[in-house]
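Here is a short briefing on one protein chain. Keep the model open and find each residue as you read.

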Amino acid sequence: MTALSAEDQKLVTLARATMARTRAVEGAAVRDLDGRTYAAASVNLPSLRLSALEVCVAMAVASGSKGLEAAVRLGDDSAPDLGAVREFGGADVVIHLGDTRGQVAGTA
């Protein structure tokens, strides 16, 4: 397990809570440059498919955020698409990756 700061551990807690509340297989949370957090589950509708990270980034952008500081993605072992996080937050955004139980295994 990767050691996380208290602030990053809060993101894990938010992502896990979102997964539990929605019964989703993927959850994410991000912290923007002002310290605001956004948590979401993946969206899988016939007309709309978004990863949990994409939903978080969309929420941050729609709220007027200017960038991201950190992100957490919890889910299965498949490689997540980090494109939205990198496009909005830049290459220096710390992205912690973990399983559905909230165990962080690494950082991208």
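Leu-74 stands opposite Gly-98 in strand E6. The chain gets from E5 to E6 by way of helix H3 (residues 83–89), and this β-α-β crossover is right-handed. Keep in mind that this is a predicted model.

**Strand E5 and its partners**

- Strand E5 spans residues 68–74 and is mostly covered, with 6 of its 7 residues buried.
- E5 pairs with strand E6 (residues 94–98) in the parallel sense, over 5 bridges.
- E5 also pairs with strand E1 (residues 27–32), but these two run antiparallel, joined by 6 bridges.
- To find this pairing in the model, look for Ala-29, whose bridge partner in E5 is Val-72.
- In a regular strand, side chains alternate between the two faces of the sheet.

**Helix H2**

- Helix H2 covers residues 52–62.
- Which residues of H2 are buried? They are Ala-52, Leu-53, Val-55, Cys-56, Val-57 and Ala-60.
- After H2 comes Gly-64, which has a positive phi, near 90°.

- The largest nonpolar core has 16 residues. Val-30, Leu-53, Leu-68, Val-85 and Ile-95 touch the most other members.
- Two or more residues of this core come from each of E1, E2, H2 and E5.
- H2 gives the largest share, 6 residues.
- Beyond its neighbours within four places in sequence, Val-30 is in contact with Leu-11, Arg-36, Thr-37, Tyr-38, Leu-53, Cys-56, Leu-68, Ala-70 and Ala-71.
- There is also a second, separate core of 10 residues, and Val-12, Ala-15, Leu-74 and Val-104 are among them.
- Nonpolar side chains tend to be buried together in soluble globular proteins.

**Gly-102, a buried loop residue**

- Gly-102 sits in the loop between E6 and strand E7 (104–107).
- Is Gly-102 buried or exposed? Gly-102 counts as buried because its relative accessibility is 9%, and the cut-off for buried is under 20%.
- Gly-102 touches Val-12, Arg-16 and Leu-74, leaving out residues up to four places away in sequence.
- How far apart are Gly-102 and Leu-11 in sequence and in space? They are 91 residues apart in sequence and 10 Å apart in space, C-alpha to C-alpha.

**Ser-65, another buried loop residue**

- Ser-65 is found in the loop between H2 and E5.
- Ser-65 has a relative accessible area of 8%, so it is buried.
- The side chain of Ser-65 makes a polar contact of 3.4 Å with the side chain of Asp-32.
- That side chain of Ser-65 also reaches the backbone oxygen of Gly-67, at 3.0 Å.
- Setting aside neighbours within four places in sequence, Ser-65 is in contact with Asp-32, Arg-36, Tyr-38, Ala-60 and Phe-88.

**Salt bridges**

- How many salt bridges does a search of the whole structure find? The search finds 8.
- One of them links the side chains of Glu-7 and Lys-10, at 3.0 Å from N to O.
- Glu-7 and Lys-10 both lie in helix H1 (residues 6–22), 3 residues apart, which is about one turn of the helix.
- Glu-7 counts as partly exposed, at 39% relative accessibility. Lys-10 also counts as partly exposed, at 47%.
- Arg-36 forms a salt bridge with Asp-34, and their closest N and O atoms are 3.5 Å apart.
- Arg-36 is partly exposed at 33% relative accessibility, whereas Asp-34 is exposed at 61%.
- Arg-101 forms a salt bridge with Asp-99, with the closest N and O atoms 2.9 Å apart.
- Arg-101 counts as exposed because its relative accessibility is 56%. Asp-99 counts as buried because its relative accessibility is 19%.

Definitions and conventions: Residues are numbered from 1 along each chain as its sequence is written. This is a predicted model: local features need pLDDT of at least 70, side-chain atom pairs count only at pLDDT 80 or more; totals for chains, interfaces and linings use all residues. Side-chain values use heavy atoms; hydrogens and water are left out. Buried means under 20% relative accessible area, exposed over 50%, partly exposed in between (1.4 Å probe, protein chains only). Helices (H or I, at least four residues) and strands (E, at least two) are DSSP runs, numbered from the N terminus. Two strands pair if DSSP finds at least two bridges between them. A crossover is right-handed if, with the strands pointing away from the viewer, the path from the first strand over the helix to the second runs clockwise. Contact means heavy atoms within 4.5 Å. A salt bridge is a side-chain nitrogen of Lys or Arg within 4 Å of a carboxyl oxygen of Asp or Glu. A nonpolar core is a set of buried Ala, Val, Leu, Ile, Met, Phe, Trp, Tyr and Cys residues joined through side-chain atoms within 4.5 Å. A polar contact is a pair of N or O atoms within 3.5 Å; within protein, one must be able to donate a hydrogen and the other to accept it, and residues adjacent in sequence count only if both atoms are side-chain atoms.
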